[in-house]
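Biologist: I'm new to this one. Could you walk me through how to read it?
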Amino acid sequence: MPSLSMETPHHPHRLDKFEFESTTEVPDSHAWPALAVHDYPSASSPGSESESVPLVDLASTTGDVVAEIGKACEGWGAFQVVGHDATVELLDSLESEARRLFRLPAHRKLGAAKSPGSITGYGLPPISSFFSKRMWSEGFTISGSPVDDARKLWPQDHARFCEVIEEYNKEMKKLAERLMQLMLLSLGLTAQDDQEEEEEYFRDITAALQLNSYPACPEPDRAMGLASHTDSGLLTILHQSSAASGLQLLHSDRWVSVPPVPGALVVIIGDLGHVLSNGRFKSVVHRAVVNRTHHRISAAYLCGPRPDVKVSPIRRPAGRGTRQAYRAVTWREYLGLRAKFFDKAMELLRVDGDVIFDGDDEQKISSGKNGTGCCCAKQNVAVCM
Ligand SMILES: C=C1C[C@]23C[C@@]1(O)CC[C@H]2[C@@]12CCC[C@@](C)(C(=O)O1)[C@H]2[C@@H]3C(=O)O
Ligand SMILES: O=C(O)CCC(=O)C(=O)O
Ligand SMILES: [Fe+2]
């Protein structure tokens, strides 16, 4: 699987030996303004829990899965999915390997710290550099083979960890490809349409697996697990431990919790998913909060097309006369923009482009000199060739 690189911004926080478990109060370095005023309205606002994120059963023989997914991506930018092929045993094994990793003493984890310019390894959540306060979490990012990073954690004994990660990645890749196909169908592409073009989006996908650890916190209302953000790829598949809720989505200006449903995975639309659908699917703002009693684990499988494939709005969804709202961008280029501009990055892609579907149904797919794929609306073809 191709791996991703990105520019790493200057980091104001040092990766140190802060021990969450032995702390009886939240130190100033980790104290955020009251959760209610973090950035957006509070999850405790009346009515905020009255709606819940849609649940889609991929194995359903009665419902219209394509329509359900389309509606969820448009209305929420997220949904929970059951009826997939990832077994409960695999999800449990992943979680227990992640727990084993985060339980290691600080010096062992620091031995596998991300090196400058690399996205893989142990560290603070990558978005930390944009915030003055520290988050109540640790992360471990894996892109491509887990072996090199795992060997740093467990010089002798990393086989089990690698086996579980590899199996999990394989299963998530299959699921991501299936979900991408269903999402494209829901955008109005038919099975016969431009097969090659769509395949660029779900064949040989690139992915990063982010393991997140949120230790129990003595003052959960003063701490932040993972600050509000959107994911940058096409979609993210998130497994969250069943012990405690933590994930919240910003929906209709309120924070809505996504309680863990045993066996369900959460699908989150990323910024490239928003671009691909010309803004029809929402890249949902989300965050993770912490709790007093449970050590919560999550695993986010963040995926996009191959790093060199340009993503631009597909023409079908808009209908005649709709203008292209975003320019074409590769995931690699977009990660560079995010590393510099974080939540302003997508605005930088905005264009008031040509009409993307004028009834002329021909859409070009070009292959650059070095085999660079390009999936684009007609007006981008010249730039991409
Ligand atoms: C490929 C990537 C997506 C990601 C940045 C990264 O290089 C590896 C970690 C990913 C992650 C996980 C936590 C939230 C997030 C915003 C972050 O800071 O790191 C995402 C990044 C992203 O989606 O851009
Ligand atoms: O832990 C969670 O629930 C959210 C994780 C997340 O948003 C991420 O890793 O991108
Ligand atoms: Fe996320």
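Biologist: In which sense do strand β8 and β11 pair, and over how many bridges?

Modeller: In general, strands of a sheet pair through backbone hydrogen bonds, either parallel or antiparallel. Here strand β8 (residues 247-251) pairs with β11 in the antiparallel sense, over 3 bridges. Strands are DSSP runs of E with at least two residues, helices runs of H or I with at least four, both numbered from the N terminus; two strands pair if DSSP finds at least two bridges between them. Glutamine 248, for instance, has arginine 287 in β11 as its bridge partner.

Biologist: Before we go on, what kind of model is this?

Modeller: This is a predicted model: local features need pLDDT of at least 70, side-chain atom pairs count only at pLDDT 80 or more, and totals for chains, interfaces and linings use all residues. Residues are numbered from 1 along each chain as written, chains are lettered from A and ligands numbered from 1 in written order, and side-chain values use heavy atoms, leaving out hydrogens and water.

Biologist: What is the strand order in the open sheet of 4 strands?

Modeller: The order is β6-β11-β8-β9, with antiparallel pairing. β6 and β9 (254-257) stand at the edges with a single partner strand each, so one side of each has no neighbour in the sheet.

Biologist: Which protein donors does the iron ion (ligand 3) have?

Modeller: Donors are N, O and S atoms within 2.8 Å of the metal (3.2 Å for Na, K and Ca); water is not among the atoms, so sites may look incomplete. Here they are His229 (NE2), Asp231 (OD) and His286 (NE2), 2.1 to 2.2 Å from the ion. Histidine 229 sits in strand β6 and histidine 286 in strand β11, 57 residues apart.

Biologist: Is histidine 286 buried or exposed?

Modeller: Buried means under 20% relative accessible area, exposed over 50%, partly exposed in between (1.4 Å probe, protein chains only). Histidine 286 is buried at 4%, and histidine 229 is buried at 9%.
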